[in-house]
Amino acid sequence: MVIVFASQLDEMAQRAVAGWPKSRATLLTVDDLSTEGWFINSNDVNKSIIVASGKQYSVTELSGVVTLMPYIVEQELFKIEEPDRRYVTAEMTAFLHYVFTILQCPLINKPSAYNLTGPNWRFEEWLRACQRVSLPIKPYHHVTHGETNSTNNTNFDPPEIRTIIVLSNRVIVSHAETLNAKVLQLAKLAAVQFLEITFAEENGQIFFCSANCIPNMNNPQVLAALYENFEN
Amino acid sequence: MVVLWGLSDDGPINRVNDILQRKNVPTLFIDQQDALEYTFDMTFDGDVSGVISSLYSSVRIEDVHAIYLRPYDLCQLGIFEQCDSTDEDWTRTAYFEDMMFLWSEIANARVINRPSSAGSNASKPYQLELIRQCGLNVPATILTTSPQRVKDFRQKYRRVIYKSISSQRSIVAELGDNNDERLKDVVWCPTQFQEYINGTDYRVHILEDKVFASRILSSSADYRYAIDTQIESVTLPSNIEEKCFLLSKNLGLHFSGIDLRQSQDGEWYCFEVNPSPGYTYFEDPSNRPISHALAEYLTQS
């Protein structure tokens, strides 16, 4: 069974799960974390029980996890009284971080502290990682009391955006094929199975623009690759 | 240049600041509550460069060789208690804080501690797993939303404690006989329960290759909140000391506070690692060896 952790309001995730081949996926929502049945024994994690879509599963039944929410937000806690929500969001996020860490099955992606979907990197940390794998970057400038902009931003034409998406060490979408190998290296450096990188092209020069670790379940190519990934 | 970032009434950062001032080490102390007075101008082009400036000072971040950060949760600070996220001062302060965290992460400097290294403390059971991997014993632990599982666990271990698993501070409490009604509440949120280890508490501070160990004598399950707590300096068995060094190193922490307990039958257990320890509680005010060691560490290039 593949677990898809998503917002209760995420209709794309619901559709993706409903269309999963052989019905081998189920949704895990914040609602499930307020349901009796969870049991993790840290001395014997293989005997642990999780709850997804209201049903209990042994962790040994799980064949994969896809995480679509980086952390739990108070607005998802419909069952929790308002004064307790801040505390409960922190506790539930901490709990899922641990649970996803102890699972033996493939994770998209492995959680990190403060982010259940992968590394909790800011833009500059992605820039630094890009630099390490020789992906082209453009200097970035921050000022707390003023505007934050890329430097030398004098080109008012919108840049052309090129995307590369990798899943499990395989390029599944590429609009900049010469950079494929380096993006695969970047995914390895970031320790993620899924990574979507965009590059901007300005005046004939291409440079890193953004990184996203959450699969877009509305993208047919991503969804097909995810289905195939867990089928294998 | 050393940058200290925290609250002016915070003991640990103040003691280090006092020592740095006495040694005439160039130091910028950024009081978290004065963030609005500062501008942070940062450029990343592969290397990080920029300036932190206020009316009174201006520091090139390339000249900073050490950072000691002990920021508190912004939302808990008195001046922002009544603010919401649309308040301009709050937004500007939050932005400055974010840049300080970012810089602490990527600065080419000694940092106590990088925010990413401190992250394991945000999930206590996750951290417990890392502790176990270093060869230290950890108490039997369950996390559950099932009251019956808790009852079974308590029946097996007889004495059981519960506490928060996130970085939200909570008081460690023992599960009593009359908790059946409260136990029903575990359905709402997975809760951690641990076997109670009867024994003596130790707090071990690791600063790179230095160790400062204290024995804590208290009648309470959570000595931080007891009035009869006594603290004394001790030397740990060498095998336990080695595991503490390994643990701090594996977590990527230059400075850490490790909570140990020696059970009555002599076994050592580890409960938690604090990546931003409030070490002054354990430090003899007249001696201050940890403060001095910290200041020395920060001034080394």
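Visitor: What share of the contacts in chain B with a separation of 6 or more comes from residues 24 or more positions apart?

Guide: They account for 63% of those contacts, where contact means heavy atoms within 4.5 Å. This is a predicted model, where local features need pLDDT of at least 70, side-chain atom pairs count only at pLDDT 80 or more, and totals for chains, interfaces and linings use all residues. Residues are numbered from 1 along each chain as its sequence is written, chains are lettered from A and ligands numbered from 1 in the order written, and side-chain values use heavy atoms, without hydrogens and water.

Visitor: What makes chain B as compact as a globular protein of its length?

Guide: Its radius of gyration, taken over C-alpha atoms, is 21 Å, close to the 19 Å that the globule rule gives for 301 residues, so chain B is as compact as a globular protein of that length. The rule is 2.2 Å times the number of residues to the power 0.38.

Visitor: How many of the residues of chain B count as buried?

Guide: Of the 301, 52% do; buried means under 20% relative accessible area, with a 1.4 Å probe and protein chains only.

Visitor: Why are β2 and β7 of chain B said to stand at the edges?

Guide: The open sheet has the order β2-β1-β6-β7 in chain B, with parallel pairing. Strands are DSSP runs (E, at least two residues), and two of them pair if DSSP finds at least two bridges between them. β2 (27–31) and β7 (110–112) of chain B each have a single partner strand, so one side of each is left without a neighbour in the sheet.

Visitor: What joins strand β1 to strand β6 in chain B?

Guide: Four bridges do, and the strands run parallel; for one, B:Leu4 has B:Tyr68 as its bridge partner in β6(B).

Definitions and conventions. Buried means under 20% relative accessible area, exposed over 50%, partly exposed in between (1.4 Å probe, protein chains only).
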